[in-house]
Amino acid sequence: MAEQDRAGAARLAGRVGRMAPSPTVSLDSRVKELRSQGVDIVNFTAGEPDFPTPEPVKEAARAGLKAELTKYAPVAGTPDLRRAVADKLARENGLSYDPAEIVVSFGGKHSLYNAFMVLCDPGDEVIIPAPYWVSYPEQAKLAGGEPVFVPTDPDRGFHLDLDALARAVTPRTRAIVLNSPSNPTGAVLSRQEIEAVADLARRHDLWVISDEIYEHLVYDGREHVSIAGLEGMKERTILVNGLSKAFAMTGWRVGYAAAPRPVAEAMTAFQGHVTHGLPGFIQAAAVAALQSPPETVQAMVREYDRRRRYVVERLRSMPGVRCAEPEGAFYAFLDISALLGRQAGIETDMDLASHLLEEGRVAVVPGTGFGWPGALRLSYATSMEQLQEGLDRMERVFRALAGA
Ligand SMILES: Cc1ncc(COP(=O)(O)O)c(C=O)c1O
């Protein structure tokens with residue numbers, strides 16, 4: 001349906017029509033439909049940890065409920081929580097933020113939305129390296145900005161193409177979005193790459209929105225580098241992070257941003273008119289999560305790493321599949337372009353994802369949704385048993401397609 005018709009038919013605002021439909025919605029509903037018919041589906045689409053939320057976090061929430069922390073809470077976060085975030089940024093990232101520069105929101109997603117809303121005027125360009133997390137372009141557009149996509153280099157594990165990034169800057173560029181470790185590719189940017197982006201931002205007076213939500217999930221001794229720590233960057237960075245991925249707390253909706261004070265105040269004012277602050281008992285639980293011993297997260301990271309190795313080895317042995325080494329996060333991003341056009345009806349990554357679901361009973365996300373056709377994303381945030389079974393199923397489908 002044409003953009004205007006989609007919005008016009010129901011008399012909705014133009015921004016509704018300009019919003020791309022979620023790449024997973026139709027797949028998700030088909031997964032649910034098949035499951036309701038009793039079909040056993042292995043689901044590799046979920047971007048969420050399969051671990052339970054740590055017990056001390058749940059205990060802190062229960063204590064918060066007992067203490068009646070159930071009324072309106074401060075919009076940007078309780079003093080305790082903002083302090084706990086500032087302490088975390090100092091301890092783990094070597095960054096010095098005042099609690100007044102921290103804004104707690106309903107998930108990293110909400111923090112990102114606040115960031116786009118306070119930075120973008122209509123027509124401002126936002127540079128987004130591709131493949132990208134699905135919500136960046138939509139949020140930038142909702143804020144009036146114009147996404148400008150810059151492909152990364154698939155032959156170098158989807159690391160940044162720094163020349164292309166520099167060429168994408170125009171007088172209208174307002175911000176660059178960084179996401180390291182990356183969803184969907186797992187690329188972890190090196191210090192050198194981050195320095196090059198910082199250099200670009202300083203030279204052209206740009207903001208950097210740095211989404212660091214997967215920061216703990218890095219493998220093989222890699223280091224997460226926060227761009228806010230580089231010379232002259234704190235004053236032009238909105239750092240976004242949250243508890244969803246590191247602490248298996250997706251449903252709790254705790255995200256935060258660290259930004260220069262006027263930006264943090266603008267985000268708080270904006271949020272105050274839209275959602276207010278997180279429930280008090282959840283803020284109390286968030287403090288407990290941020291103060292938990294590092295081993296809580298490290299145990300999960302070790303398990304993801306074990307799965308990652310298994311998944312990559314299996315995928316690389318399959319015909320028609322190329323899989324870059326995921327250096328962080330919990331996704332494998334596979335190039336399946338060699339499998340397309342071999343059988344009638346399987347011309348695109350979306351066709352192949354549907355075929356995998358219908359024939360193989362395994363669900364993955366097509367790359368098109370991440371701005372990268374010809375690929376599929378698989379999440380390994382699921383049990384080894386499920387991984388084994390799902391990869392067996394994928395292999396059968398791919399072998400049949402490749403005629404091997
Ligand atoms: C790259 C990236 N950023 C942000 C988010 C938002 O996470 P949340 O809103 O749960 O904090 C996600 C979730 O999938 C993500 O993958």
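**Exercise 1. How many bridges join strand β9 to β10, and in which sense do the two run?**

Ground rules come before the solution. This is a predicted model: local features need pLDDT of at least 70, side-chain atom pairs count only at pLDDT 80 or more, and totals for chains, interfaces and linings use all residues. Numbering starts from 1 along each chain as its sequence is written.

*Solution.* 
- Helices (H or I, at least four residues) and strands (E, at least two) are DSSP runs, numbered from the N terminus. Two strands pair if DSSP finds at least two bridges between them.
- Apply them. Two bridges join β9 (residues 322-323) to β10, and the strands run antiparallel.
- Locate one partner. Cys323 has Leu334 in β10 as its bridge partner.

**Exercise 2. Why is strand β10 largely enclosed by the rest of the structure?**

*Solution.* 
- State the criterion. A residue is buried if 20 or more other C-beta atoms lie within 10 Å of its own, exposed if 12 or fewer, and partly exposed in between; the C-beta atoms are placed from the backbone.
- Count. Four of the five residues of β10 (residues 331-335) are buried, so the strand is largely enclosed.
- Of the 404 residues, 47% count as buried.

**Exercise 3. Describe the sheet that contains β2 and β4.**

*Solution.* 
- Write the order. Seven strands form an open sheet, β2-β8-β7-β6-β5-β3-β4, with mixed pairing.
- Find the edges. β2 (102-105) and β4 (146-151) each pair on one side only.
- Check one pair. Strand β3 (residues 125-130) and β4 pair in the parallel sense over six bridges. Ile128 has Phe149 in β4 as its bridge partner.
- Helix α5 (residues 79-93) lies across β2 and β8 (255-258), at about 115 degrees to β2.

**Exercise 4. At what angle do helices α4 and α11 cross?**

*Solution.* 
- Read the geometry. The axes of α4 (residues 55-66) and α11 (residues 280-290) come within 8 Å and cross at roughly 150 degrees.
- List contacts. Residues of α4, including Pro56, Ala60 and Leu65, meet residues of α11, among them Phe281, Ile282 and Val287.

**Exercise 5. Does the chain's radius of gyration agree or disagree with a compact globule?**

*Solution.* 
- Use the rule. The radius is taken over C-alpha atoms, and the globule rule is 2.2 Å times the number of residues to the power 0.38.
- Compare. For 404 residues a compact globule would have a radius near 22 Å; the chain has 21 Å, which agrees.
- The C-alpha atoms fill roughly 60 × 50 × 50 Å along the principal axes.

Definitions and conventions. Axes fitted to C-alpha atoms, helices over the stretch in contact; angles between N-to-C directions. Contact = placed C-beta atoms within 7 Å.
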